[in-house]
There are 2 protein chains.
Amino acid sequence: MIQKLISNIKKTGAPIVVGLDPMLGYIPEHVKKQAFDRYGETLEGAAEAVWQFNKEIVDATCDLIPAVKPQIAMYEQFGLEGIRVFQKTVDYCHEKGLVVIGDVKRGDIGSTSAAYAAAHLGKVQVGSAVCTPFGEDFATVNPYLGSDGINPFIDVCSKENKGIFILVKTSNPSSGEFQDRLIDGRPLYELVGEKVAEWGEQCMDGEYSNVGAVVGATYPEMGKALRKIMPKAYILVPGYGAQGGKGADLVHFFNEDGLGAIVNSSRGIIAAYRQESYAKYGPKHFGEASRAAVEDMVKDIRGALENR
Amino acid sequence: MIQKLISNIKKTGAPIVVGLDPMLGYIPEHVKKQAFDRYGETLEGAAEAVWQFNKEIVDATCDLIPAVKPQIAMYEQFGLEGIRVFQKTVDYCHEKGLVVIGDVKRGDIGSTSAAYAAAHLGKVQVGSAVCTPFGEDFATVNPYLGSDGINPFIDVCSKENKGIFILVKTSNPSSGEFQDRLIDGRPLYELVGEKVAEWGEQCMDGEYSNVGAVVGATYPEMGKALRKIMPKAYILVPGYGAQGGKGADLVHFFNEDGLGAIVNSSRGIIAAYRQESYAKYGPKHFGEASRAAVEDMVKDIRGALENR
C-alpha cells in the first residue's frame, strides 16, 4: 500500500495529506443550518453537517492531494451517527482515488489488536462470508503495549497489502513526558523508532515499508535523527501549520529521493476560510479556501525541498 | 463515579468485572444460526449474534457483579453494525444497574482527546442541544502522548463525574519492551504510575480517585510496587484466568481495606461453557455456565483476600 501512496504523491507532486478532523466549530453556519433543519440539533444533524462539510472539501481538493487522514475521534464524538459518516467519508474518498489514512491510534494486544486491525484494514469472517468493515488503507497505531500490539496489525498489512503508522514522537508539547525519557542514554522515542524499523522489515512494499511512523513537525531535530534510524519507514508528519511546523523545518523528514515523508495539515486546510489569508473566500466558499490553502502548503513544502 | 463502582462492589461482594469481548468463535452455534437466519452472514448478522450472546450473559450474571467491561475492538470489527451493538450493550447494562467500563484504550492530544472523552464519557453540544454519544461510565486510556492526552479526559471526568483507567503495566508478554525499560534506574511503568497518582489528585471522589490504572494480573510483583505508588488509584486488573493470573496472585493489588482493585475476566466468563469445568451446561445453557464461572471467580478472589 505504501507504493499506492507513493504513486499518488508522485502524480500530484504533493507530499501532503489533508486531515479531515471536522469539529463543529469549523463548519460554516449555512452548512450546519441546512443539516439541523433537516435532522434537528441531534447527533444525526451534527453528523450530516460533518458529511456535507467533508464532501465539499474533498470535492474541492481531491485532484491536488494524494491522501486524506480522517481523525476518527471527531466522528466518534457524534456516536453511531458520527461513525456512519466516518464510513461514508472513507468510501467517498476511495471513490475519488484518494488513499485513506484512518487516524485511529488504536492499540491493544493479541486477539483484540487483531480485531482492531480487521476493523480498519482487514476483513472479518462471518459464517461462510467475508465482510469488510471500515476498510481504510492505513491506520495509526500506538506502540505502548509492544510487539503483541503491533504484530496483529502487521499480519493484516501483509495479507491485505495495507499499512500502519506507529506513533514514535508525537507533535504535542507534553509528548516528552514519557517519549523523551532516557533509556541507556537514549530517548524512548528512538527505541520505538528502532522497533519500527525492525517491524517494518517484515512488511516491505518496494523500497519502503508498509510500516511507517508518526513524528511531529514540531520536533525537526528529532525527525532528522529518526529519519536515519528508520530509513525505510514513511514518516507521517502532523503538526504543520496550526501547530507551528513550517516547510523549512520539514526537509530532514524526507529522504534524498524526495520521498519518505507525508505532511499532514488539518485545521490549516479544512478551516482555511477562517484565516485572514483566505478570508476573501468567505464561509460560503470554504471549499475554495481549502483548495487555495492546499496549493500554498504544497508550494511551501516543495520549495523547501528544492532549496534543501 | 469511583464511589458508584465501590458501592456496587460492596453490594455484590465481588471485586470483579466481566469483560464483554464477544469473538464470534465464542458464540454458540445456535445463537449464530438464529442471527444469520434473520440477517444473513453479514456484519449485521454478526452484530446481532453478539447482541443476543451479550444479553444472555448479562441477564445470567448481573445480580452477581458490579460492572462490565465491553472491549470496543470486538464490536468495531463488525463496522457500523458492531458499534450499534456496542451502544446497545452499554445501554442495556446501565438498565441493569451495572457500571460500564468502556475498554477503548483511546489516546490522542488536545481537542482530539477531548473529542474521545466526549464520545465515551461526556456530552457534545449540537447547536443549542446537548447530546450524549456512547455514555460509558469509565474508559481506558493510553498514556504514551503524556498530559496533553490525559487532561482532556480528566476535565470531562471532573465535570460529568466519570472515570478513566490509564494503561500502566499491561498483562501481555511483550509489555516489557517499552514499559519495563529503566529510566534513571526505574522502569517506565513506575513513572507512568507516578503520573497517574499526580493526575488523580485533581479528580478525587471520596477516598479514591476517578483516575485509575490498568495493571496486568500476570505481573503481581509489579502490581505490589504500583499499589504503593498510586495508593488512591483503583487498579483495573486484566489477565485473570485465561491469561494465567490466579486469585492468590492478586492480593497485593488490593489495599488493606479490601478495596482498590477490580479484576477482569473476559474469556474465562463469557466462554465458560467451552471449558471442561463448565462443559456440563453445554452450549445451550452458556449463560448458566457464565454464572457458575462468576461464582467461582468471586470465591477464588475473596478467599485469597481473606487469607492474605
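Reader: In what order do the strands of the closed barrel of chain A run?

Author: This is a predicted model, in which local features need pLDDT of at least 70 and side-chain atom pairs count only at pLDDT 80 or more, while totals for chains, interfaces and linings use all residues. Residues are numbered from 1 along each chain as its sequence is written, chains are lettered from A and ligands numbered from 1 in the order in which they are written, and side-chain values use heavy atoms, with hydrogens and water left out. Strands (E, at least two residues) and helices (H or I, at least four) are DSSP runs numbered from the N terminus, and two strands pair if DSSP finds at least two bridges between them. In chain A, 8 strands with parallel pairing form the closed barrel, in the order 1-2-3-6-7-12-13-14.

Reader: About what angle does helix 10 of chain A make with strand 7 of chain A?

Author: Helix 9 (residues 188–201) of chain A packs on the sheet and touches strand 7 (163–169) and strand 12 (211–215) of chain A, where contact means heavy atoms within 4.5 Å. Angles run from 0 to 180 degrees between N-to-C directions, and axes are lines fitted to C-alpha atoms, for helices over the stretch in contact. Helix 10 (residues 220–229) of chain A also packs on the sheet, touching strand 7, strand 12 and strand 13 (235–237) of chain A, and its direction makes with that of strand 7 of chain A an angle of about 130°.

Reader: How many of the residues of strand 3 of chain A are buried?

Author: Buried means under 20% relative accessible area, with exposed over 50% and partly exposed in between (1.4 Å probe, protein chains only). Both faces of strand 3 of chain A are covered, with A:V99, A:I101, A:D103 and A:K105 buried on one side and A:V100, A:G102, A:V104 and A:R106 buried on the other. Strand 3 (residues 99–106) of chain A is largely enclosed by the rest of the structure, because the buried residues number 8 of the 8.

Reader: Which residue of strand 6 of chain A is the bridge partner of A:R106?

Author: Strand 2 and strand 3 of chain A pair in the parallel sense over 2 bridges, and A:A67 has A:V99 as its bridge partner in strand 3 of chain A. Strand 3 of chain A also pairs in the parallel sense with strand 6 (residues 138–141) of chain A, over 3 bridges. There, the bridge partner of A:R106 is A:V141.

Reader: Turning to chain B, is the crossing of helix 6 and helix 7 of chain B left-handed or right-handed?

Author: Helix 6 (residues 110–121) and helix 7 (residues 147–160) of chain B have their axes 8 Å apart and pack at an angle of about 35°. A crossing is left-handed if the near helix is turned anticlockwise from the far one by less than a right angle, and right-handed if clockwise. The crossing of helix 6 of chain B with helix 7 of chain B is right-handed.
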